[in-house]
Amino acid sequence: MSSVLAAFRDAYTTALRLHLRAPNQNTLAEGYELGRRALVEGVSILDLTEHHFRILEQEELLPGPEVGDRGEAALEFLLQTMAALDVATRGFLDGNRRYEQQRSRADDLAGRDAFRTALVESLQDGFFVVDAEGTLVEVNSAFGALTGYGPDGVPYPLPHPWTVPDAPRYPDLGTDAARFVTPVRHRDGRQLWLAVSTSSLVKPENDERIFVGTIRDVTAEHDAQARDQAISRMAAEVVAATSVGEVLAVGLEELRRAVGAESAVVSVWDSRQSGPEFYVSDDFPTEQAAKQGNGAQSVSGMRNSLAAHNSFGAATGDGRYGAGRDGRESRQVLDARARALLDRARLRPGRTMFAIPEGAASSEGIVAPLGESGDSALWLRFAAPRVITPGDWALFSLLIGHLSLAVQRARNFDQARATSLTLQRAMLGPIELPPRFAVHYEPALPPLEIGGDWYDVVRLADDTIGVVVGDCVGRGLSAAVVMGQLRTAARALLLRGAGPAQLLAELDTVASRIPGAMCTTVCAAILDPVRGLVRYSSAGHMPPVLAEPGTRGRLLEGGRAVPLATFDLPRRPEATTAMAPGSTLVLFTDGLVEQRGIDIDERFVDLADELTGAAGQLPREVADAVLDRLRPDAGYDDDIAMVVYRQPPEPLRLDLPAEPAELSGIRRDLKFWLAAAAVPHDCAADLIAAANEACSNSIEHAYLQGGTGDRVLLTAECGPDTVTLVVTDTGVWRPLPSDPGHRGRGIAMMRALTTQLDFDHSGPGTQVRMTTRLPAVSFSAASRV
């Protein structure tokens, strides 16, 4: 027996006997302390119990009926001693139980982790875990299959190796919980589109924020959507184009962007030419276009946004476009091989495409015919050789099909336009207006270039001029047919000598027999430039506007009655108004002044106000100014026909001292008068130069003595088709010497600048008469010159 156990037994014996002699709380507390001592010193419960009963045997207190209270006290002391041992035992058991529970839980967590790993690996979608800095710390095998970067390479810090530099919304993948679609670059170089879904979590052990998410390959869906969008954009871009050039201007650019091509070229063979015409769209700072004769190529520039940076140069012998305006050379090459490809492609069946070079794994581009007429072909060239996928072929086929249809539609428009132009030329025709006239014709249907408004200006036998402006009901071809018949009838009536009222009265009968001519409005006028009068009559038409020099225009509202073929009238009214010298008369149809949502009186006020300064402008300039002033923001929505006439001004008379300083004033005053007389600018410049030379000769040669009373007289007046300038002096006539030296060219210059030059020096002084015949104003309504 050890000394520790012996000492414990002695202490226990003493404490128990004390408790038996006088049981109390203090003795019981001593027993509890002995129990704690036994726990510390490693005394077993068996040793303690054995020693306790040995003491009871010595004290003769073994259990029995005679034991009494002392036996109960001994049992109470033993239980108090063993209480500390009981607590320790239960704590040990609880600890074991908790240990077992924790061990079971750890085993369960290990199983769960294995299950989680198996579950994540079984996902078809890519799975990833990202820390707060955007570093991928865990990915599954599916993630690796989608991106080429698998679990073996983790972690993947920012920037992620699959990132496309210009990808939208990056690096949202690890910094925000979101759903989005983004492009990625696979390890093998392919570009894919992935749908990304991320969620934010907080780790309970350290409150760290992490992101978990999935990725899914949506390249097919994205490509399908991109194809639909590209097709919609293509259709929207070309729908408003009405010519082949306009279609290719917008269509080639959209096609090139949609398929990611470096350049797009269309060659069009015209039967009237020996070589094709090329339309080019590329993304270089300079683009060249070329024209060669004798069967060589010509390149037309685009009229879309490319025009801002296109450059055009001459085609070289090898087909390369030469340097552009900025000196840089285009990389676009149309060599013999390219031209042969386009020539071969146009002869293939419609809607067929082939890659170039044929049979290669990677393609430089594709070539295809446009339409089925065999006269045009398309070449799309990629920036670098690439593999063309089935999805690419589907996109190319749809886009090229839309472009082909648009080109064919544009050709149909071209044919319709040619037909309408032919018809309109037959009805209105290129005419030569008398001097001091200008006309403007603008149909409301630009694609067809034809409408129901008309004008006519007819020279009459008595030096008067007949003017008719009319507006048929409706628009387009049907209105034009009515217009042509009424215009022909009105011209015949004018040539037969009918006045304005008589003309409209007889047009009533004509209109009543023409289907669709009912309610046509017409204004007929006869101008007398010599007497300065205008006779006019209106059949429900807009009133003419007359503006005297320096004053606002006023409406001529006399001679008004109902439109043609509406009511039987006993006679149509007629009015006569004087036209002051230099006045401007404007006759027009309602399309000029009618605008939706605006009172027509306001438009008349604007028109009258614009004519205030008309006296210093040519009739063509007056027409342009009026159109600009009254043009609505969205453009005119009705046909417009307008005639502008300038009444000759008062004759000009300048009586000035024969001094060189007066020449500048003479030129200035004569320039203003010629503008008021509606003399074209080039003709006016010739007359001013001739007059300046004549006045200079009088000043320099006629008055050698230099008297203070020496004067030069310049007069100018208008005839029906002529302008005559007369320069008169009272000096001495000096004939041209036989050898004038380096001077003496003034008379030859005056003769060259005028139609007729005459000198009269029979009396005192010299008179120089210069006459110029004013050119007729050529105007084609169909071409809107």
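Ala565 is found in the loop between β20 (560–561) and β21 (575–578), where helices (H or I, at least four residues) and strands (E, at least two) are DSSP runs, numbered from the N terminus. Although Ala565 is not a glycine, it has a positive phi of about 55 degrees. The structure is a predicted model, in which local features need pLDDT of at least 70, side-chain atom pairs count only at pLDDT 80 or more, and totals for chains, interfaces and linings use all residues. Residues are numbered from 1 along each chain as its sequence is written, and side-chain values use heavy atoms, with hydrogens and water left out.

The protein as a whole contains 16 helices and 29 strands. Of its 785 residues, 47% count as buried, that is, under 20% relative accessible area, with exposed meaning over 50% and partly exposed in between (1.4 Å probe, protein chains only). Among contacts with a separation of 6 or more, 61% join residues 24 or more positions apart; a contact means heavy atoms within 4.5 Å.

Two of the helices can be followed in detail. Two packed helices are described by the angle between their axes and the distance between the axes. The axes of helix α14 (residues 663–676) and helix α15 (residues 681–702) come within 10 Å and cross at roughly 150 degrees. Here axes are lines fitted to C-alpha atoms, for helices over the stretch in contact, and angles run from 0 to 180 degrees between N-to-C directions. The helices α14 and α15 are therefore roughly antiparallel to each other, a description given to angles over 145 degrees, while those under 35 count as roughly parallel, 65 to 115 as roughly perpendicular and the rest as oblique. On the side of α14, the contact involves Leu663, Ile666, Arg667, Leu670, Lys671 and Leu674. On the side of α15, the residues include Ala684, Leu687, Ile688 and Ala691.

The loop between α14 and α15 holds Ala678. Phi of Ala678 is near 60 degrees, a positive value in a residue other than glycine. Ala678 is buried, with a relative accessible area of 9%.

The bond from Leu158 to Pro159 is cis, with omega near -5 degrees, and Pro159 is placed in the loop between α5 (141–147) and β3 (179–185). The bond from Ile356 to Pro357 is likewise cis, with omega near -5 degrees. Pro357 has its place in the loop between β9 (354–356) and β10 (363–369).
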